[in-house]
Amino acid sequence: MAKQYEIPVGAQHISLLEPLHFKFTTENEKIVSTTANIYYVHRGIEKACCTKFKFRQVSFVVGRVCGLCSISHTTAYSQVAEKLIKIEIPARAKYLRMLVIELDRIHSHLLCLSHVAENSGFEALFMKTMQYREAFMELLEAVCGNRVQYDFSIVGGVARDLKPEVAMMIIGRLKKFKSQLDELVDIFQNNWTLGLKNKNAGAITREDAMRLNVVGPFARAAGLAVDVRNESQELLPWIEVGFKIITETGGDAYSRSLVRLREIYVSMRMVENIINGLPESALITETKAFPDGEAVVRIEAPRGELFYYAKGNKTQILERLKIKAPTFSNVSAMLEGFEGNEYGSVPAIIASYDPCLSCTSR
Amino acid sequence: MKRIETTIQNLKKDIGHFYQPELYHFIVMNAVDLGEKIELQWFFGDYTEPFEIIAFCAQITPDVEIPSITSIVPSAWVAEAELVDLIDIRIENTSKGFVLEPDFESGPLRKGK
């Protein structure tokens with residue numbers, strides 16, 4: 001047996017995008033096992049939501065769980081609170097929630113792709129992808145009034161309407177982005193250097209994905225067709241606005257990039273459909289009810305299944321709020337995915353996992 | 001959400017009978033502090049229609065050691081480690097210090113903390 005070395009990476013490291021700590025055990029350059037610690041950013045958000053804030057304020061608190069999928073958190077929380085107070089939100093609010101979720105997915109996927117490019121040593125592609133992402137940040141700001149913490153979904157509906165000029169701006173931007181996305185797909189699919197770094201890197205099989213309960217693009221890249229948008233039409237009508245599940249079979253970093261790129265096409269089509277068929281109605285359902293009983297909600301965040309559990313006790317303060325972020329479900333598979341890979345591939349593999357520790361540790 | 005009541009003694013048997021990786025995925029483990037007792041919940045979701053969420057629920061007293069389900073659901077260790085830190089319960093083969101730093105006060109999600 002070759003001599004084994006332990007190599008720590010993180011909590012702060014040039015190639016790590018998130019504050020987590022990996023310890024790689026290697027034989028020569030091959031990774032044989034990995035452990036992780038994720039405790040660097042725990043902020044006590046669940047505790048705060050059940051002690052410091054009234055249930056209507058909690059949507060603004062959970063919007064701060066994550067800077068990349070804030071809308072997924074606020075929407076999931078709003079939905080679970082609406083179940084507890086037993087209200088149906090107006091149709092327009094449903095479609096506007098989906099609009100922002102899909103715009104958010106596009107910017108989040110582009111961010112991940114840019115980091116995959118950067119960590120694979122392709123700086124120019126990193127900058128190009130970030131430049132395209134910027135346009136979607138501007139669109140989100142135009143729709144929500146904020147680039148990161150949207151505070152768009154609130155209990156009962158949404159906080160802002162979509163102005164006609166902003167709708168036109170989105171349609172125009174999507175039209176321009178189509179050819180830019182085609183160009184990105186061509187590079188990610190066919191560039192020789194990226195292929196060398198990403199093909200077979202951090203691969204997991206469909207069986208592994210199933211065994212380890214993997215979610216999101218990570219699972220879909222391995223051929224496991226799981227997507228909450230396909231499974232739950234009760235609260236938001238995803239299939240009606242053109243959702244189509246995307247899968248690949250490679251299970252590696254390369255396939256994960258392809259899944260994200262192809263999902264951007266689907267999100268663009270959904271955004272267009274939502275704008276073209278946006279129903280007229282109020283934006284919010286008013287009620288003075290207090291949350292009672294327990295409820296769960298799942299939503300497909302950019303990284304996969306986001307799960308909210310809430311329990312009310314007929315007061316303004318929730319009894320319990322539990323958040324399960326997508327990266328939390330993927331921790332086991334992330335660790336197994338490193339095994340057998342060269343240590344030098346770690347940065348590109350981590351970027352392809354697209355982990356979010358802000359969500360995971362809360 | 002479909003609740004299935006169980007006990008700590010029957011937990012592994014009940015989940016073992018139910019769980020098939022090709023039909024269900026494990027979502028997360030949760031705990032609700034009820035005062036003198038703690039309700040533990042193990043959430044599973046269907047891969048196929050009707051895409052229902054199934055919750056196995058068991059009430060315990062805080063001093064009881066809970067069996068780990070990692071022999072049935074290998075990825076459940078993450079959720080178990082989280083609850084050991086946040087709720088300050090004891091779970092078989094699970095140590096503290098994954099979600100909270102080892103010197104952090106245990107069980108911040110317990111009532112009164």
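1. Chain A holds an open sheet of three strands in the order β6-β7-β8, with antiparallel pairing, where strands (E, at least two residues) and helices (H or I, at least four) are DSSP runs numbered from the N terminus, and two strands pair if DSSP finds at least two bridges between them. The edge strands, each pairing on one side only, are β6 (292-301) and β8 (320-324) of chain A. This is a predicted model, in which local features need pLDDT of at least 70 and side-chain atom pairs count only at pLDDT 80 or more, while totals for chains, interfaces and linings use all residues. Residues are numbered from 1 along each chain as its sequence is written, and chains are lettered from A in the order in which they are written.

2. Ten bridges join β6(A) to strand β7 (residues 304-313) of chain A in the antiparallel sense, and Gly304(A) in β7(A) is the bridge partner of Ala301(A).

3. Helix α3 (residues 70-85) of chain A lies across β6 and β7 of chain A, at about 150 degrees to β6(A), whereas helix α12 (residues 326-338) of chain A lies across β6, β7 and β8 of chain A, at about 125 degrees to β7(A). Axes are lines fitted to C-alpha atoms, for helices over the stretch in contact, and angles run from 0 to 180 degrees between N-to-C directions.

4. The contact between the chains takes 26 residues from chain A and 21 residues from chain B, two residues being in contact if their C-beta atoms, placed from the backbone, lie within 7 Å. On the side of chain B that touches chain A, strand β2 (residues 24-33) of chain B gives the largest share, six residues.
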